[in-house]
Structure formats: C-alpha cells, structure tokens
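Here is a quick tour for someone meeting this structure for the first time. Have a look at it, and then we'll walk through it together.

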Amino acid sequence: MTPTSDLTQGPPLSALVRLAAPLLAGSVLNLGASLGDRLWVGKLGTKALAGLGVAQAVWLLAFTALLGLGLGTLSSVARARGAGSRPASSAGQGLLAGGLLGAVLALVGVLAAGPLLASFAPLGALDAGATRYLQVVLASAFLSAPLVVALFSLQAAGEGRAALVAGAVLPLGNLVLDPLLIYGLEGGLAGAAWATLLATGAALVVSLALLRHHLGLRLDDLRPDPAALRAIVGVGAPRTLDHLCRNGAGLILVAFLSPFGASAVSAYTAAWVLLLVLIFPGVALGQATAAFVGQNLGAGHPERAEISV
C-alpha cells in the first residue's frame, strides 16, 4: 500500500480532500461529455435532442443498478485494503457480478428499447433514431457495468488519480468520437450511442490495466466466491433502491412533460444535466468518505472512521 493510497494514517481531512479532488474532476469531465452530446445532437433538431434526453433518462434508471453494485464493491475493496488482505479479490468478484448484470441489461436493451421509450414519451414526438440510441447504450452495459466496478475499486483502494485517468478516457473519447460518428458517418442520434460504446470499451481496457498495476488483479480473482458476492450485493442493493426512487421520479416527470412536445422535454432534460453541477461535489466527497470509512473499519480503527463522518 502506497502512502497516498493508505487512508488509515494521517489527518482525515487531508486524506478525504486528496481522494475527493480527482473524483470531482472526473465528474466534471463526465458533465462536459454530456453537454458535448447535447451540443452535437442539438444540431440534428429539437426532436433529436428530446429523443436523447428521454433515452438518457431511461439509461440513468438502468444505471442505478450499476451504481449500487459499484458501491457494494467499493465497501468490500476498502475493507480488504484496510485489513491488509488482497483487495483485488473483492474487485474481481465485483467485476464478475458487473459482467453478469451488464449482460442482462444489454439483453433488455436489444429486446425492449422501443417499448421502454414509448412508455415515457410518444415515439412520434422523438427523433426516429431515439430507439436505436437506447438499444446501443443499453447494450453497452456489458462494458459499463465492469467499468463502474473498476473505477469504484480504484477509489476504494485510495487510488483516486488512477481512477481519474481511467474515468477520463470515457468523456474525452466521447467528445472526440461524437462529431465523427454523428456527422462523419451520418449515424445521427445512433452515432452518439456508438461513440459512447466505443469510448466505454477504451475506458474499461485502461481501468483493468490500472487494477492489475495498483491492486494486482489476476484472472483467478474472477473465480466465483458466493460469500463475497453476497456481501457485495447485500451492501449495494439498498443503495440501488434509494437511487432508483430518485431517478425514477425524474423519469416520471419526463412522461408528464411529453404531451407538451419535444421542446418541453429537451428543455427539462437539459436542466436536469445542469442540476448535476450542484450535486457532484457532494457525490465526490461521499464516495471519498465511503472509501475512508471502509479502509479504517477494515484496519480496526472505528473511531477514525467515525471522525470522518
């Protein structure tokens, strides 16, 4: 364990800031990529922008399951790191669960993207490529789920800078590929989805390489361990339900607004993205605190964990 990744020593505040700062920077990059998506797609027209907004709202609802799994893995990896055992074993179980969950979401996307989209907005009010966009984005869950787990594992181990490097590949790749696939290949709205899928794949490759370097991840860490999987799901499931309620409420509002036309839907979803600016600092500090608490509980320092909260 390097001095910078060890959250069980030194002043708690400086450790939290050191870990939270890269997480906040990564969140800002992701926000920039989301705004970039809207900028490029907006040139296709109001219906395209509304289709992007509704499809992203549906994807955000599915993403809550990935987020819960990531938080469960974060807890397990942080405790293992603090206890001095192999955090790569916990990360491997999270990656295994992420691959399985991602495959399920991908199947749902291929088979049910159209009905899902139509249940929240009339397809006639959206760009014709909206269904294809949602299909591709949900299909990319088989890459997104392991990526979320990998990034949370790096954060849990105290490797905030490594998580930033891996996480930055997705938004930066998306910004580069968007104009090429939306306009260069005339992919339209679906081109934006393919840009996300390709950038996600690149980010996953980088994150796995960093997990191997910093945590010593091996192939045998992916061998199923029922007890470890239950522990991850046990922590992650309540968080999934919590986020599901919050994001589900936002999606219901999209359904209420859809009768007022594409302009109303695109305006609401754009405001939703900007609202995240106010949320990101708290999210970054919360994830840093979770990693700090986990490492110190694993190390047998509950009093230090309590101070951070």
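How many positive and negative side chains does the protein chain have, and how far apart do the centres of the two sets lie? There are 16 positive and 12 negative ones, with the two centres 1 Å apart. Lys and Arg count as positive, Asp and Glu as negative, while His and the chain ends are left out. Each charge is placed at NZ of Lys, CZ of Arg, CG of Asp or CD of Glu.

A word on the ground rules: this is a predicted model, where local features need pLDDT of at least 70 and side-chain atom pairs count only at pLDDT 80 or more, while totals for chains, interfaces and linings use all residues. Residues are numbered from 1 along each chain as its sequence is written, and side-chain values use heavy atoms, with hydrogens and water left out.

**The overall build**

The protein chain has ten helices and zero strands (DSSP runs numbered from the N terminus: H or I of at least four residues for helices, E of at least two for strands). Its radius of gyration is 19 Å, close to the 19 Å from the globule rule for 309 residues, so the chain is as compact as a globular protein of that length. That radius is taken over C-alpha atoms, and the rule is 2.2 Å times the number of residues to the power 0.38. Along the principal axes, the C-alpha atoms fill a box of roughly 60 × 35 × 35 Å. Buried residues account for 51% of the 309 (buried is under 20% relative accessible area, exposed over 50%, partly exposed in between, with a 1.4 Å probe and protein chains only).

**Rings that meet**

The structure holds two aromatic pairs. Rings of Phe, Tyr and Trp (its six-membered ring) pair if their centres lie within 6.5 Å; planes under 30 degrees apart are stacked, over 60 edge-to-face, and the rest tilted.

| Pair | Centre to centre | Angle of planes | Type |
|---|---|---|---|
| Trp 40 and Tyr 183 | 6.0 Å | 65 degrees | edge-to-face |
| Trp 59 and Phe 63 | 6.0 Å | 55 degrees | tilted |

Trp 40 is partly exposed at 25% relative accessible area, and Tyr 183 is partly exposed at 30%.

Trp 59 and Phe 63 both belong to helix H2 (residues 46-83), four residues apart, or about one turn of the helix. Here Trp 59 is buried at 16%, whereas Phe 63 is partly exposed at 24%.
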